[in-house]
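Please read them with the structure open.

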Amino acid sequence: MTTIQLIGAPTDIGAGSRGASMGPEALRVAGLIEMLKAHQLNVIDSGNLAGPTNPWLPPVEGYRHLEEVAAWNQSLHEASYAALQQGHLPIILGGDHCLGIGSISAVARYCREKGKDLRVLWLDAHADFNTSELTPTGNIHGMPVAVLCGYGPKQLTRIGGRTPAINPDVVHQIGIRSVDEGEKRFVHQVGLEVFDMRYIDEYGMREAMERALAGMTENTHLHVSFDVDFLDPSIAPGVATTVPGGPTYREAQLCMEMIADTGRMASLDIMEVNPAYDVKNQTALLAVDLVDSLFGKSTLMRDSK
Ligand SMILES: [Mn+2]
């Protein structure tokens with residue numbers, strides 16, 4: 001039986017607005033644990049990690065709160081790696097999306113050691129591929145994919161013991177619709193696979209997901225990094241960086257169901273739920289509803305070892 005391990009990372013240290021630090025509790029209040037248990041999964045809630053408070057300072061040399069971001073991600077890396085080593089399926093409750101650095105560097109390290117093929121699905125409105133030169137804000141939640149691919153300060157790129165932690169070709173992005181100008185060129189330069197909203201408009205969510213999930217084998221470890229700002233703000237207002245024109249409820253459900261059908265998801269991030277922007281916790285409730293679909297089918301049949 002699959003054992004899920006929830007790891008809360010209550011911080012908004014990498015964001016440009018406060019409030020994602022309340023995300024882990026919002027997801028628990030929305031019934032995440034009960035939903036998972038209803039799927040006959042073992043659920044361990046490890047509670048929340050502790051880390052530096054948010055000093056709310058301006059960026060220094062293109063990075064905001066770099067030392068604090070490094071501390072949170074180091075501690076998340078260790079907790080996620082330990083969960084994977086125990087054969088658990090970690091679910092990281094963010095927190096802002098800078099935490100993808102600690103989470104995915106742990107998954108990458110685990111996959112290297114086990115000889116597994118890593119695939120990362122990055123569900124987001126943003127490419128999160130900024131660097132200190134390209135970023136207009138210095139907020140590190142706009143940089144985790146670049147950091148994981150080796151572009152960024154060594155305090156972050158070295159987390160996990162190998163730089164780069166991943167190669168760009170393992171990342172498949174879905175739902176992208178807001179990319180800064182320099183970032184756009186950089187995404188093309190490194191060859192990230194991006195199924196943006198234009199692609200989804202023209203070919204549909206089904207085609208995008210078929211391509212993003214193509215070529216997986218029994219040896220694939222699929223990591224899903226779900227930034228809740230992926231969703232259209234009309235259904236998910238509780239995020240700090242809403243971008244209009246995202247997936248509808250049905251498109252998002254199809255996305256999750258197609259991931260579930262693969263039976264290969266072995267780790268998950270739920271990021272950027274921000275109760276300060278939400279209305280009656282509806283965004284956390286929607287995230288739980290979508291994660292329900294993510295666990296709805298063949299994932300349950302997966303042998304966790
Ligand atoms: Mn993001």
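**Notes on the predicted model**

1. Asp278 sits in the loop between β8 (265–271) and α10 (282–294). Helices (H or I, at least four residues) and strands (E, at least two) are DSSP runs, numbered from the N terminus. Residues are numbered from 1 along each chain as its sequence is written. This is a predicted model: local features need pLDDT of at least 70 and side-chain atom pairs count only at pLDDT 80 or more, while totals for chains, interfaces and linings use all residues.

2. Is Asp278 buried or exposed? Asp278 counts as buried because it has 22 C-beta neighbours inside 10 Å. A residue is buried if 20 or more other C-beta atoms lie within 10 Å of its own, exposed if 12 or fewer, and partly exposed in between, with C-beta atoms placed from the backbone.

3. Leaving aside residues up to four places away in sequence, Asp278 touches Pro237, Gly238, Thr283 and Ala284. Contact requires that the C-beta atoms of two residues, placed from the backbone, lie within 7 Å. Between the C-alpha atoms of Asp278 and Phe195 the separation is 27 Å, and these two residues are 83 residues apart along the chain.

4. Strand β4 (residues 117–123) has six of its seven residues buried, so the strand is largely enclosed by the rest of the structure. On pairing, two strands count as paired if DSSP finds at least two bridges between them. Strand β4 runs parallel to strand β7 (residues 220–227), with seven bridges joining them; Trp122 has Ser225 as its bridge partner in β7. Strand β4 also runs parallel to strand β5 (residues 171–176), through four bridges, and the partner of Leu123 in β5 is Ile174.

5. Helix α3 (residues 66–85) has 20 residues and, at 1.5 Å a residue, should span 28 Å; its end C-alpha atoms are 28 Å apart, which agrees. The expected span is 1.5 Å times one less than the number of residues. Just after α3, Gly87 has a positive phi of about 80°.

6. Overall, the protein chain contains ten helices and eight strands. Its C-alpha trace spans about 50 × 45 × 40 Å along the principal axes.

7. Buried residues account for 55% of the 305 residues in the protein chain. Of the contacts between residues at least 6 apart in sequence, 77% join residues at least 24 apart.
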